[in-house]
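Hello,

Here is the structure we talked about. Please open it next to this email and follow along; the notes on what was found come after it.

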Amino acid sequence: EIQHINMEKIDDMCYDEDVKKLIKIFLSKDFKILKENTLYLGKLGEYIVEEVKKLSEEEHIMGLYDKEEDDKMIARSREICARKEGLARGIAQGISQGLARGKKEQNISIATNMLKKGSTIDFISEVTGLSKTKIKKLNIN
């Protein structure tokens, strides 16, 4: 089983300079920086550099790194897609609601004008699709 430790987070939280030096060893991304950060360890530092070089050349270790990065990219892509999908749904829903509200307001305006012209409530209801109760309320106002 592989355990993942976020060394950057530990580095941010740590105040002990000796521990910070060790963390820099783990965070080194190239061998020059790794060597610089392990000089104070003497032979042990040289051993660490050699072991890291060996590990970095092993295919199954490289594959783990690639898989981890791929998994992160896939997760980010899914998140972005989900946001875009949610935004598209929200926009579509807003447009649909706006159109429905506009149609309702237009029918109310038409009904009001028809009432002013003396049309019957039954006829107005048939033409606009508004309920007779709604049209009667318009007639009162």
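**What was found**

F123 sits in helix 6. With 43% relative accessibility, F123 counts as partly exposed. Its C-alpha atom is 9.7 Å from that of A111, a residue 12 positions away along the chain. Please keep in mind that this is a predicted model.

**The chain as a whole**

The secondary structure of the protein chain amounts to 7 helices and 0 strands. Read from the N terminus, the order of elements is α-α-α-α-α-α-α. The chain has 141 residues, and 16% of them are buried. Its accessible surface is about 11,800 Å², and carbon and sulfur atoms account for 57% of that area.

T128 is a residue of helix 6. Is T128 buried or exposed? T128 has 8% relative accessibility, and the limit for buried is under 20%, so T128 counts as buried.

Two polar contacts of the T128 side chain can be followed on the model. One goes to the backbone oxygen of I124, at 2.8 Å. In the other, a polar atom of the T128 side chain lies 3.2 Å from the backbone nitrogen of L130.

Which residues does T128 touch, once those up to four places away in sequence are not counted? They are N107, I110, A111, M114 and I135.

One of these, N107, can be looked at from its own side. N107 belongs to helix 5. N107 has a relative accessible area of 14%, so N107 is buried too. The side chain of N107 reaches the backbone oxygen of T128 at 3.1 Å. Apart from neighbours within four places in sequence, N107 is in contact with T128 and L130.

**Salt bridges**

How many salt bridges does the structure hold? There are 3.

The pair R83 and E79 forms one of them, with the closest N and O atoms 2.6 Å apart. Both residues are in helix 5, which covers residues 59-116, and because they are 4 residues apart, about one helical turn separates them. R83 has 59% relative accessibility and counts as exposed. E79, at 40%, counts as partly exposed.

E85 and R89 form another salt bridge, with an N to O distance of 2.3 Å. These two residues also lie in helix 5, 4 residues apart, which is about one turn of the helix. E85 is partly exposed at 45% relative accessibility, while R89 is exposed at 54%.

K132 and D122 also meet through their side chains in a salt bridge, at 2.9 Å from N to O. This pair links distant parts of the chain: K132 is in helix 7 (residues 132-140) and D122 is in helix 6 (residues 121-128), 10 residues apart. K132 has a relative accessible area of 42% and is partly exposed. D122 is partly exposed as well, with 49%.

**A nonpolar patch**

Which residues make the nonpolar surface patch of about 420 Å²? The patch is made by L87, I91, I95 and L99. Among them, I95 lies in helix 5. The relative accessible area of I95 is 48%, so I95 is partly exposed.

**One face of helix 3**

Helix 3 runs over residues 31-38, and L34, N37 and T38 are buried in it. Why do these buried residues line one face of the helix? Seen down the axis of helix 3, they fall within an arc of 90°, so they share one face.

**Where to look**

To check these notes on the model, start with T128, which is buried in the model, and follow its side chain to the backbone oxygen of I124. Then go to N107 and find where its side chain reaches the backbone oxygen of T128. After that, turn to the salt bridge between K132 and D122, and end with the patch made by L87, I91, I95 and L99.

Regards

Notes
Residues numbered from 1 in each chain as written. Predicted model: local features only at pLDDT ≥ 70, side-chain atom pairs only at ≥ 80, totals over all residues. Heavy atoms only, no water. Salt bridge = Lys/Arg side-chain N within 4 Å of Asp/Glu carboxyl O. Buried < 20%, exposed > 50% of the residue type's maximum accessible area, 1.4 Å probe, protein only. Polar contact = N/O pair within 3.5 Å; in protein donor to acceptor, adjacent residues only side chain to side chain. Contact = heavy atoms within 4.5 Å. Areas by Shrake-Rupley, 256 points an atom, 1.4 Å probe, with all protein chains shown as cover. Patch = residues over 30% accessible without salt bridge, like charges linked within 9 Å, V, L, I, M, F, W, Y side chains within 5 Å. Arc of directions from axis to C-beta.
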